[in-house]
Amino acid sequence: MVGGLFIIITSQNYLKKVIGLAIFQTAVFVFFVSLAKVLDGTAPILTKMANVYSNPLPHVLILTAIVVGVATSALGLALVLQIYRNYETIEEKEIQSLELKSDK
Amino acid sequence: MNFLLINFFLISLLLVTTFFIFKTTSLISVVALTGAFTLLCSAIYVNLDAVDVAFTEAAVGSGISTILMVMAAAKLPEGKKNKLINLFPSIILAVSISLILIIIIANLPLLGDPNAPIHLHVVPEYLKESKDFFHIPNVVTNILASYRGFDTLGETIVIFTAGLGVIALLTSNTLNRKTNFKKNNKKK
């Protein structure tokens with residue numbers, strides 16, 4: 001999780017920043033699902049063979065969150081594409097220097 | 001014991017993948033590594049008994065989002081090997097956040113403890129009654145579509161809004177500052 005945060009802050013490339021955000025999200029999902037685990041339990045599908053099930057509630061929350069996460073990263077990618085169309089680069093430093101030039 | 005060993009192995013693979021995503025500069029290989037990352041995550045979900053989540057992660061997380069990223073990376077220029085920015089403050093931030101998280105996790109109930117508070121409230125009723133109510137053996141589906149149907153409705157609205165935003169961004173010409181930049185650069 002911290003690795004994702006690290007990628008977001010340190011890399012200059014905007015696409016890599018979006019990917020860092022996705023990694024950050026996925027790590028939080030794994031943490032949530034690990035809370036739902038019950039030792040010796042099985043997947044929460046009711047059968048006659050099992051008595052102990054894992055907790056289905058975090059699974060539902062994460063199911064929703066995964067799909068929302070993909071929507072978020074799609075929006076981020078569209079923003080990156082639009083930035084590339086306007087500035088012809090997606091590196092942060094180059095965009096800053098272009099902005100400075102156009103201000104003069 | 002086996003369960004913990006598999007988990008440990010998969011999570012160390014995740015860490016290795018994250019390190020290589022951090023180091024690689026070529027965009028298309030970063031995207032491929034991200035696909036591998038999410039696929040590893042779905043293996044972890046299977047190990048943690050969350051089969052529905054593993055399904056969704058494999059289809060949506062490592063399928064659709066990787067396709068979107070490949071489409072974006074094909075239009076973008078090759079990544080450059082630039083200097084890392086904000087290296088020193090981000091190391092401090094990362095170390096302090098991981099310390100805080102480790103302290104918090106040490107205070108949580110043990111992994112797989114059946115008497116943890118999360119397993120005692122609401123969920124036993126779901127497990128007991130949902131089969132009589134809805135006649136579907138999969139409890140996750142019951143909660144997603146029936147008990148918490150409004151959540152799923154909200155999710156659909158979020159996705160619709162995001163889709164509208166993507167279409168608006170990709171088709172708009174009003175933001176076009178490229179011409180301004182070209183004019184300015186020509187003047188100099």
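## Two residues with positive phi

B:D49 is found in the loop between α2 and α3 of chain B. In this predicted model, its phi is positive, at about 70°, although B:D49 is not a glycine. Is B:D49 buried or exposed? B:D49 is buried, because 24 other C-beta atoms lie within 10 Å, and the cut-off for burial is 20 or more.

B:H135 also has a positive phi, near 60°, and is a residue other than glycine. B:H135 is found in the loop between α5 and α6 of chain B. B:H135 counts as exposed, with 8 C-beta neighbours inside 10 Å. The limit for exposed is 12 or fewer. For background, most residues other than glycine have a negative phi.

## Chain B

Chain B has eight helices and zero strands. Along the sequence the pattern reads α-α-α-α-α-α-α-α. Chain B has 188 residues, and 21% of them count as buried. Take the contacts in chain B with a separation of 6 or more: residues 24 or more positions apart account for 45% of them.

Helix α4(B) has 20 residues. From first C-alpha to last, α4(B) reaches 29 Å, close to the 28 Å expected at 1.5 Å a residue. How many residues of α4(B) are buried? The number is zero, so α4(B) lies largely in the open.

## Chain A

Chain A has four helices and zero strands. The pattern read along the sequence is α-α-α-α. Of the 104 residues in chain A, 45% count as buried. Among contacts in chain A between residues at least 6 apart in sequence, 42% join residues at least 24 apart.

## Where the chains meet

In the contact between the chains, 73 residues of chain B touch 66 residues of chain A. On the chain B side, the elements that give two or more residues are α1 (2–23), α2, α3 (51–75), α4 (87–106), α5 (123–134), α6 (139–147), α7 (149–171) and α8 (178–187). Which element of chain B gives the most to this side? α3(B) does, with 14 residues. By class, the side of chain B that touches chain A has 43 nonpolar, 19 polar and eleven charged residues.

On α2(A), the contact is made by A:L15, A:K16, A:I19, A:A22, A:I23, A:T26, A:V30 and A:V33. On α2(B), the residues are B:L27, B:V30, B:T34, B:F37, B:T38, B:C41, B:I44 and B:Y45. Sorted by class, the residues of this contact divide into twelve nonpolar, three polar and one charged. An α-helix has 3.6 residues a turn, so residues three or four places apart point the same way.

## Confidence

The predictor gives the complex an ipTM of 0.84 and a pTM of 0.83. Chain B averages a pLDDT of 82. In chain B, 89% of the residues score at least 70. Where pLDDT is low, the predicted coordinates should not be read in detail.

Key. Residues numbered from 1 in each chain as written. Chains lettered and ligands numbered in written order. Predicted model: local features only at pLDDT ≥ 70, side-chain atom pairs only at ≥ 80, totals over all residues. Contact = placed C-beta atoms within 7 Å. Nonpolar A, V, L, I, M, F, W, Y, C, P; charged D, E, K, R; others polar. Expected span 1.5 Å × (residues − 1). pLDDT = per-residue confidence, 0-100.
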